[in-house]
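Work through the exercises below with the coordinates open. Each task is followed by a stepwise solution.

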Amino acid sequence: AVLRCSHCGGSAFSFRLKQRSFFCLGCRTPLPTERLTKLLGAVIEEPRPLAPAAIAAGGFHSVVLRTDGTVRAIGSNIHGQCEVADWSAITAIDTGFSLTVGLKADGTVVITGDVGPGTETAAGWTGITQISAGCAHILGLKSDGTAVIINNGRSPQDTVARWRDLTAIDAGYWHSVGLRANGTVVCAGQNSEKQCRTTLWWGI
């Protein structure tokens, strides 16, 4: 049997969440849900959009982490920064200017966008508990309190690999900061505006 609209005879219908009803695509006449349920012999469930678990904004793109661990992105995709449709089991996201990074439940990281050759290095990261993205570099905090970093070479931050006893990290545009368990702050990267003069901070 073919279900047809009682008004125009059309057989194509769509569901509108706001009106909580099926509508004929031909004449927009509402179709009682009970009619379709009777034809299919099953209860028709209304589609429920997944609530966002986190959001992030890059230079010209926006990213959302959904509660089922999937990710969606919209905006400029000139560097592939919105290619996240196949990501799954994601627990955290962050964005750089033209890049997107996701932390997976198993402690590994996925990256897309403008990060240069470092993507292959990040693919081998394990035990990551926190991520942060700068303009063109990505930080990862490991479960042992150390940090890992990849960048495209525009802002060398080699000292990050020597950081220890970290409890938190964050990436700025061209620099990175780390909070240590003793309340002090370490910093690496560009210091043109004295943004890395954190050596006297304590009790943070």
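**Exercise 1: exposure and aromatic pairing**

Phe60 is exposed, as its relative accessible area is 60% (exposed is over 50%, buried under 20%, partly exposed in between; 1.4 Å probe, protein chains only). The model is predicted: local features need pLDDT of at least 70, side-chain atom pairs pLDDT 80 or more, while totals for chains, interfaces and linings use all residues. Numbering starts from 1 along each chain as its sequence is written, and side-chain values use heavy atoms, without hydrogens and water.

Task: State how many aromatic pairs a search of the whole structure finds, and classify the pair of Phe60 and Phe97.

Step 1. The search of the whole structure finds 2 aromatic pairs (ring centres of Phe, Tyr or the six-membered ring of Trp within 6.5 Å; planes under 30 degrees apart are stacked, over 60 edge-to-face, the rest tilted).

Step 2. The ring centres of Phe60 and Phe97 are 5.7 Å apart and the planes stand at 85°, so this pair is edge-to-face.

Step 3. Phe60 sits in the loop between E4 and E5, and Phe97 in the loop between strand E7 (90–95) and strand E8 (99–104), so the pair ties together parts 37 residues apart in sequence (strands are DSSP runs of E, at least two residues, numbered from the N terminus).

Step 4. Phe97 is partly exposed, with a relative accessible area of 35%.

How values were computed. Helices (H or I, at least four residues) and strands (E, at least two) are DSSP runs, numbered from the N terminus.
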